[in-house]
Amino acid sequence: MSQLFQLEKKCPQTGARAGMLNTPHGSVPTPVFLPVGSQGTVKTLTPDELKSLGVGMILSNTYHLYLRPGTEIIRKLGGLHRFMSWDGPILTDSGGFQVFSLGHLRSINDEGALFRSHIDGSEHFLTPELAIEIQELLGADIIMVLDECPPYEDDFGKIRRAMERSHLWAEKCKQRHRRRKQALFGIVHGGTYPELRRESASFITSLGFPGYAIGGLSLGEPKELMHLILDRTVPLLPENKPRYLMGVGSPEDLIECVARGVDMFDSALPTRLGRNGAVFTRNRRYSINNARFKTKKGPIDPDCDCYTCHNFSAAYLHHLFKTQELLAYRLATIHNVRFIMRLMEQIRSSILDGAFNTFRKDFIKNYEPTDAETRTEQKKKWLKARQGKHHLIE
RNA sequence: GGAGGGGUGGGUGAGCGGCUAAUACCAACAGACUGUAAAUCUGUCGCCUGAAAUGGCUUCGCAGGUUCGAAUCCUGCCCCCUCCA
């Protein structure tokens, strides 16, 4: 088999790169965006539809599939690819993010994390070794080390201790890894502290992985800070290995992070926004529920080549959302995923043409990002509301 | 004809003397969502002023009355519903 990653071209003005990721289930051009399908499905879309949208690779999730239907069932049904009928490449996340974000964490030590299932309250002990075993049984093309994901608000000491534990776990994962067809990626941590990032990049790269992820970003920190951390971290990663920024998926972030040398991204954002009625256009994001679309005859985005924009008016989509028709969620998801995939195609071809920086500047100039202040404010309220509901259940 | 129940802000519907410009849900309007516990969550929602705190004005079928004070009590009128004949 050819090697996992081939670097094809570098942008002369920025850190952007074009390359090819070669996996047992096919090759995907980079930079690449992976839609998220945690439960073995990218919500509302069939594998055929994903292909037609230009999706090359998807992300799925250890935590969710381990709890339900269970690793053994998926193994018996022929592995995750066959189970969900997706024959393209899959990357599975280790489950670390869920264990630390769902708030059911009971205790944690160097051996692993004791947590309770959000489904039935049962107790589970997720160790680095188990995370690898599960991912080997699921059979994804790229698998991730188990890592500790502390919240952005944590202080330096906590972030450092979490990083050190992630380092220990990365070693354990690497030792336990058997199925060499699956590429195991290491994850750099260190929060928003450049000195920790430097230390983490140095340690993780010294272990020698076929690819490197950057974790612990896009957790509510200002964008400038995320950019700064990438500026300081990416250059410390080997040039001939793919770099994967976990959890990033807004159009402006994708462009800016590609410019900083990232090759792979995943995010639930485009699909979730679609289900919640927010659609991308080249200028900004719109809520299709807004009254302005009530009578709009043309498509959501006249520049879009997706099925939704080719066949339906914005007014129709508005109506589907207002009436909560199931087709609404599918059509909006189709549009958003296609928007992002097309953006990635444009990014790549502009890199290959040596015109990436121009493309980037034009895009950012015309794109109005969502207001950062309301964003963090709303997120706090959302978390609070979720917490409140949670206590009622328990 | 007899007996009873009811008319509350765009809708459904709480309140039944001061804490009520009036609960809640829906609708409407706007915002958020980034390694998916998310077809979710948040805010606004009588009128006028204000960035906001606030201030002013007009509201609970209509018209009077009682009271320091009424959507809430009394009287009359109008309208609706259920049951009996």
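**Sheets, helices and the RNA surface**

Biologist: What order do the strands take in the open sheet with S1?
Modeller: The order is S1-S2-S3, three strands with antiparallel pairing. Strands pair if DSSP finds at least two bridges between them. Helices (H or I, at least four residues) and strands (E, at least two) are DSSP runs, numbered from the N terminus. This is a predicted model: local features need pLDDT of at least 70, side-chain atom pairs count only at pLDDT 80 or more, and totals for chains, interfaces and linings use all residues. Residues are numbered from 1 along each chain as its sequence is written, while chains are lettered from A and ligands numbered from 1 in the order in which they are written.

Biologist: Which are the edge strands there?
Modeller: Strand S1 (5-10) and strand S3 (26-30), each pairing on one side only.

Biologist: How many bridges join S2 to S3?
Modeller: Five, between antiparallel strands, with S2 covering residues 17-23. Gly19, for one, has Thr30 in S3 as its bridge partner.

Biologist: And what packs on that sheet?
Modeller: Helix H14 does, touching S1, S2 and S3. Its direction makes about 120 degrees with that of S2. Axes are lines fitted to C-alpha atoms, for helices over the stretch in contact, and angles run from 0 to 180 degrees between N-to-C directions. Contact between two residues needs C-beta atoms, placed from the backbone, within 7 Å.

Biologist: How does H13 pack with H14, by angle and axis distance?
Modeller: H13 (residues 314-322) and H14 pack at about 130 degrees, with axes 7 Å apart. That angle makes H13 oblique to H14. Under 35 degrees is roughly parallel, over 145 roughly antiparallel, 65 to 115 roughly perpendicular, and the rest oblique.

Biologist: Which residues of H13 and H14 meet?
Modeller: Leu317, Leu320 and Phe321 in H13 meet Leu327, Ala328, Leu331 and Ala332 in H14. By class, this contact has seven nonpolar, no polar and no charged residues. Ala, Val, Leu, Ile, Met, Phe, Trp, Tyr, Cys and Pro count as nonpolar, Asp, Glu, Lys and Arg as charged, and the others, Gly among them, as polar.

Biologist: New topic. Which residues come nearest to RNA strand B?
Modeller: Gly247, Ala268, Thr271, Ala291 and Gln378, out of 57 residues around RNA strand B. A residue is near if its C-beta atom, placed from the backbone, lies within 6 Å.

Biologist: Which element gives the most to that surface?
Modeller: H16, with eight residues.

Biologist: And the surface near RNA strand B, by class?
Modeller: It has 19 nonpolar, 25 polar and 13 charged residues.
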